[in-house]
Amino acid sequence: MTATPAQTAPTTVPRAPVTPGRVLMYLLLVVAALFFLVPVYLLFATALKSPDAINLATSWHWPDALNWASFSEAWAKIGGNLGNSLFLAVTATILSAMLGSVNGYALSKWKFRGANTLFALMLFGMFIPYQAVLIPLFQFIKSLGLYGSIWGLILAHVVYGIPITTLIFRNFYADVPDALIEAATIDGAGFWSIYGKVIFPISIPGFVVVIIWQFTQVWNEFLFAATLTNTSSQPVTYALSQLSGGQAVSWNLPMAGAILAALPTLLVYILLGRYFVRGLLAGSVKG
């Protein structure tokens, strides 16, 4: 039986009618977007001004002459710290994501006695504030000989990231059919073989969610950066706090530095944003 032209014609999705309510909704969305972009405008307007043009009366005015030297000067002061933050965030994110993936796989697909209790204890770590563990963490990092190095800071973020990454991956793997695990077990595959050949290849949506979350958390953290590192290993968040200087503050430098510091996380969201939504919908944060 051959299909008629009417049967093979592509279906078109009807366009939503333009109604006053729809127009009002889009206007409200535009106003909300502009409202949230106001700090960004002030950030760029101040960064592009020369120090003598910055005052309270003209703080909202766009500069008459653009002072791009603020960015080069800020880069000279925090460029090395940006490199520290990039190494810190990438390394800590990869390690905590891999550990969380293995933990989530074990807790969701390899049931053992006390698994639920262990999972609850791991989740408890999400609710412990940084300040509560700062002194014992400092002593522990120092006893390992890692105080003042970037590796001590990486270890702190990896340990603190394990609870949330485990939660995300456990909920993500809970949607994986048990039949896949059973079939691989019948074929003689073990724990690591199943993880590497069955679980890991389908974990991309979960990894995207974890990478975006963990990278942002590590990049923006300040308390550990101020207490566990020395001058050579300080990340950019701590360096930004030092850009304000002494009594006379050149506000163009902190603003330019803040823009430079925000670019990596912004790039991560631009590149992985659409996959982030897919990961959420795939069940990576479902209870």
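What covers the buried residues of α8? Keep that in mind while you get your bearings; the tour comes back to this helix.

**The whole chain**

Show everything as a cartoon. This is a predicted model. The chain holds 12 helices and zero strands. Of its 287 residues, 37% are buried. Then think about contacts. Take those between residues at least 6 apart in sequence: 75% of them join residues at least 24 apart.

**Helix α8**

Select residues 191-199, which form helix α8. Color I194, Y195, V198 and I199: these residues are buried. They cover an arc of only 110° around the axis, so they sit on the same side of α8. The general rule is that an α-helix has 3.6 residues a turn, so residues three or four places apart point the same way.

Select α3, α6 (150-173), α7 (178-186) and α9 (204-220). These helices are included in what covers the buried residues of α8. That answers the opening question.

**The largest core**

Hide the surface and go inside. The largest nonpolar core has 33 residues. Select F71 and F224, which have the most contacts inside this core. Then look at who supplies the core. At least two residues each come from α3, α5 (130-143), α6, α9, α11 (236-242) and α12 (252-284). The largest share, seven residues, comes from α3.

Zoom in on F224. Skip residues up to four places away in sequence. F224 then touches Y130, L134, L137, L153, A156, H157, Y160 and T229.

There is also a second, separate core, with 18 residues. Select F172, I181, F207 and V210, which are among them.

**The salt bridge**

How many salt bridges does the structure hold? The structure holds one. Select D178 and K109: their closest N and O atoms are 2.7 Å apart. D178 lies in helix α7 and K109 in helix α3, so the pair ties together parts that are 69 residues apart in sequence. In general, side chains of opposite charge can pair when their charged atoms come close.

Compare the two partners. Is K109 buried or exposed? K109 is buried, with a relative accessible area of 13%. D178 is partly exposed, at 46%.

**Q234 in its loop**

Move to the loop between α10 (223-227) and α11, and select Q234. At 14% relative accessibility, Q234 counts as buried, because the cut-off for buried is under 20%. Which residues is Q234 in contact with, leaving aside neighbours within four places in sequence? They are N81, N84 and T229. T229 is also touched by F224. Now draw a distance from Q234 to S85. Their C-alpha atoms are separated by 7.9 Å, though the residues are 149 apart along the chain.

Bring the surface back for the last stop. Select V30, L34, L37, V38, V40, Y41, F44, W60, W62, L66 and W68. Together they make a nonpolar surface patch of about 1,100 Å². Pick out L66, in the loop between α2 (20-47) and α3 (69-109). L66 is partly exposed, with a relative accessible area of 41%.

Definitions and conventions:
Residues are numbered from 1 along each chain as its sequence is written. This is a predicted model: local features need pLDDT of at least 70, side-chain atom pairs count only at pLDDT 80 or more; totals for chains, interfaces and linings use all residues. Side-chain values use heavy atoms; hydrogens and water are left out. Patches are made of residues with over 30% relative accessible area and no salt bridge: like charges are joined within 9 Å, nonpolar side chains (Val, Leu, Ile, Met, Phe, Trp, Tyr) within 5 Å. Accessible areas come from the Shrake-Rupley method with a 1.4 Å probe; for residues, only the protein chains shown count as cover. A salt bridge is a side-chain nitrogen of Lys or Arg within 4 Å of a carboxyl oxygen of Asp or Glu. Helices (H or I, at least four residues) and strands (E, at least two) are DSSP runs, numbered from the N terminus. Buried means under 20% relative accessible area, exposed over 50%, partly exposed in between (1.4 Å probe, protein chains only). The arc is that of the directions from the helix axis to the C-beta atoms. Contact means heavy atoms within 4.5 Å. A nonpolar core is a set of buried Ala, Val, Leu, Ile, Met, Phe, Trp, Tyr and Cys residues joined through side-chain atoms within 4.5 Å.
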